[in-house]
Structure formats: C-alpha cells, structure tokens
Amino acid sequence: MLPIIDRRKQIIDAAAKSFSMFGYKATTMDGVAKIANVGKGTIYTFFTNKEELFQEIMNRMISEMKRIAEEAIDPGRLFFDNLSVVLEHLLDFQEEHELALKLSQEMREIGTPMALEGLQQMERAVVGYIAGQVTQAIKKGEIKPCEPEMTAFIMLKMYMALAVEWKKTHQPLEKRQVAGYLRFYMEQGLAPV
C-alpha cells in the first residue's frame, strides 16, 4: 500500500494527464481514478471536486512558469533584454505544455468556462510577474514611472501579437525580430527625438 502522500501525487499526476489529454470538460473523476489506478473515493479524500483538482494542476503549472521566468532573468542584463528573454521562454512553455495547448483548443472549440479561467490564470500570473519586473525597473531608473500592471499587460499583449498573431497573415518574425520590435515600440516609441 502506498503512503498517503504518494497517493495524492499519483492522483495529481493522473489528473494532469487527463486534463492535458481530454481537456477540462471531458475529464471526469472516474477517468482520473482509472488513470491513477485508485478508487474514486480516494480522490475525494484529497480533493472536494473536479474544480479543486483542476486548480491544483493550474497552481503547479503557474509555479513552473514562474520558475522558468526566474531562471531566464539575468541581473546583468537591462530590463528590455530580460523582458524579451522571459516572454520568449514563457511563450515556448505555453506552446509546448500539453495542458496549455488543450485549454486553448477547448476554449476555441467549445468555450468551456473553466478552460477560459485556466488560460486567464496563466495570463494573470505572467502579467503579475512582469509587473514586478516593471516596478523594479522603475526603481532602478531603467524605465520612466508608469502603472506596472497595465504596462505589463500591454507588453505581454504586444509580444503575443508580434510572435503569434502577426504570422497568421504575414511572414513569421524570428524571435530576435520580435524582441527588436518590442524594444522599438516600448523603449524608443514613435515620437521623433
């Protein structure tokens, strides 16, 4: 018999697999129990419902995203250099992470509210992280004073527009080009000097 802590992890791993394979809507507690090779009642020992189990998976994914962002930061680089690297790593993570891909697909095809909530949680986590970096850059005098959360939101949306949306109707930009345009619009601006 496995210790309780191992059972919980076993359930979480099975749930992550199920949500990644089937999406939020098609994942059931019965299905998770089957993948985890435990009785359905065992899941309820640790989690009240599917929403709580999903939130645990989302919390773990967001923690992983924060770890990736932290590892990408180089204190020796300027703010905009770090920003580009962090956003590049986070976009790569979202494009490769099975759950992020499945939630995006489920949102496009079905519009499941919990899939939307999961995607919004990821966006809020990224915006929050960037806002913290913006605040530090303001304190260091690397950028002028601004509203950190709004600025972070605009930076993320601009990056996503250049890296993802642009290629839907134009020649895709290389990562260095995306970083260059982000820097041009955000750091240099359009007003003549």
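Modeller: Lys168 is exposed, with a relative accessible area of 59%. Exposed stands for over 50%, buried for under 20% and partly exposed for the range in between, using a 1.4 Å probe and protein chains only. This is a predicted model, where local features need pLDDT of at least 70 and side-chain atom pairs pLDDT 80 or more, while totals for chains, interfaces and linings use all residues. Residues are numbered from 1 along each chain as its sequence is written, and side-chain values use heavy atoms, without hydrogens or water.

The partner of Lys168 is Glu165. The two form a salt bridge, with the closest N and O atoms 3.2 Å apart. The term needs a side-chain nitrogen of Lys or Arg within 4 Å of a carboxyl oxygen of Asp or Glu. Glu165 itself is partly exposed, at 42%. By this rule, the count is 13 salt bridges.

Now for other pairs. Glu117 bridges to Arg124, with 2.9 Å between the closest N and O atoms.

Lys175 pairs with Glu88, and here the closest N and O atoms are 3.9 Å apart. Lys175 belongs to helix α9 and Glu88 to helix α5 (residues 79–96), so this bridge ties together parts that lie 87 residues apart in sequence. Helices are DSSP runs of H or I with at least four residues, numbered from the N terminus. Helix α9 takes in residues 175–188. Lys175 is partly exposed, with a relative accessible area of 43%. Glu88 also counts as partly exposed, at 23%.

Charged side chains can also join up as a network. Arg8, Glu56 and Arg60 are linked in this way by salt bridges.

Next, the pockets. The largest pocket holds about 740 Å³ of space. A pocket is an open set of points on a 1 Å grid over the protein atoms alone, with protein on both sides within 12 Å along at least five of seven lines; lining residues have an atom within 4 Å of a point. Its lining has 22 residues, and Gln94, Ser104, Leu119, Met160 and Val164 are the ones nearest the centre. Helix α5 contributes at least two lining residues, as do α6 (98–109), α7 (113–140) and α8 (148–165). The lining of the largest pocket has 12 nonpolar, four polar and six charged residues.

The second largest pocket holds about 230 Å³. Phe80, Glu142, Ile143, Lys144, Pro145, Cys146, Thr151, Met155, Met186 and Glu187 line it. Helices α8 and α9 are the elements that give two or more residues to this lining. By class, the lining of the second largest pocket has six nonpolar, one polar and three charged residues.

Met150 counts as exposed, at 51% relative accessibility. The C-alpha atoms of Met150 and Val127 are 8.5 Å apart in space, while the two residues are 23 apart in sequence.

Definitions and conventions:
1 Å grid on protein atoms, 1.4 Å probe; cavity = no way out; pocket = protein on both sides within 12 Å on 5 of 7 lines; lining within 4 Å. Points joined across faces, edges and corners; volume = space filled by probe spheres on them. Nonpolar A, V, L, I, M, F, W, Y, C, P; charged D, E, K, R; others polar.
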